[in-house]
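Let's take a friendly look at a protein model together. Keep the picture open as you read.

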Amino acid sequence: MNDPNSPPYASGHGFGGPMSPEEIEAAAAANAADASAERDNALAEVEALKAKVAELQDQSLRAQADAQNARRRADDEIVKVRKFAVESFAESMLPVLDSLEAGLKIDNASAEQLREGTEATLRQLLSALERNKVAEVNPAAGAKFDPATQQAISIVPAPQQAPNTVVNVLQKGYTIADRVLRPALVTVTASN
């Protein structure tokens with residue numbers, strides 16, 4: 001029987017008989033060298049993995065910092081855009097203000113002069129609104145009711161017209177860059 005504590009091949013089974021003490025010592029040294037090499041390789045792998053983890057952590061921190069910087073720049077840009085958009089709108093209103101003030105300075109203006117001045121000022125105002133992407137919502141009578149830009153104030157029977165069509169506009173609506181500022185207030189025909 002083999003002694004479990006005996007060195008490899010010491011029993012004489014296997015490759016050419018019993019091993020000499022020198023062979024046993026050499027085999028043990030080789031096994032120790034293999035184990036040491038494996039341990040050294042494992043330690044080197046652990047060190048390489050630690051370096052990779054440190055590199056990835058550094059990359060992650062840099063990416064987070066870049067994202068925070070980009071978010072901060074975007075927020076700053078939004079603040080600037082809002083500020084200058086309001087500034088641009090206010091600047092486009094100044095000629096309208098000037099016209100109103102000039103009209104009020106005229107003493108003893110005739111009704112015709114007041115009307116001409118008011119119409120000119122209205123044109124200036126409409127032009128300023130148009131430059132700032134403010135558009136009028138004023139559906140024609142008989143147009144299909146659009147709940148996205150219109151609000152029905154009342155419903156009237158109109159058998160001669162299709163259901164849900166505009167009968168008249170009580171107050172114009174306005175959009176800015178395709179977003180409703182105020183819906184048009186309309187009267188519509190009843191559904192059948």
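Here is a short briefing on a sheet and some salt bridges. The model is predicted, so local features need pLDDT of at least 70 and side-chain atom pairs count only at pLDDT 80 or more, while totals for chains, interfaces and linings use all residues. Residues are numbered from 1 along each chain as its sequence is written, and side-chain values use heavy atoms, with hydrogens and water left out.

**The sheet**

- Three strands form an open sheet in the order E2-E6-E3, with mixed pairing (strands are DSSP runs of E, at least two residues, numbered from the N terminus; two strands pair if DSSP finds at least two bridges between them).
- Strand E2 (150–156) and strand E3 (166–171) each have a single partner strand, so one side of each is left without a neighbour in the sheet.
- E3 and strand E6 (residues 184–189) run antiparallel and are joined by four bridges; asparagine 168 has threonine 187 in E6 as its bridge partner.

**The salt bridges**

- There are five salt bridges (a side-chain nitrogen of Lys or Arg within 4 Å of a carboxyl oxygen of Asp or Glu).
- One of them joins arginine 115 to glutamate 119, with the closest N and O atoms 3.2 Å apart.
- Arginine 115 is exposed at 57% relative accessible area, whereas glutamate 119 is partly exposed at 34% (buried means under 20%, exposed over 50%, partly exposed in between, with a 1.4 Å probe and protein chains only).
- Glutamate 136 and lysine 172 also meet in a salt bridge (3.1 Å, N to O), linking parts of the chain 36 residues apart.
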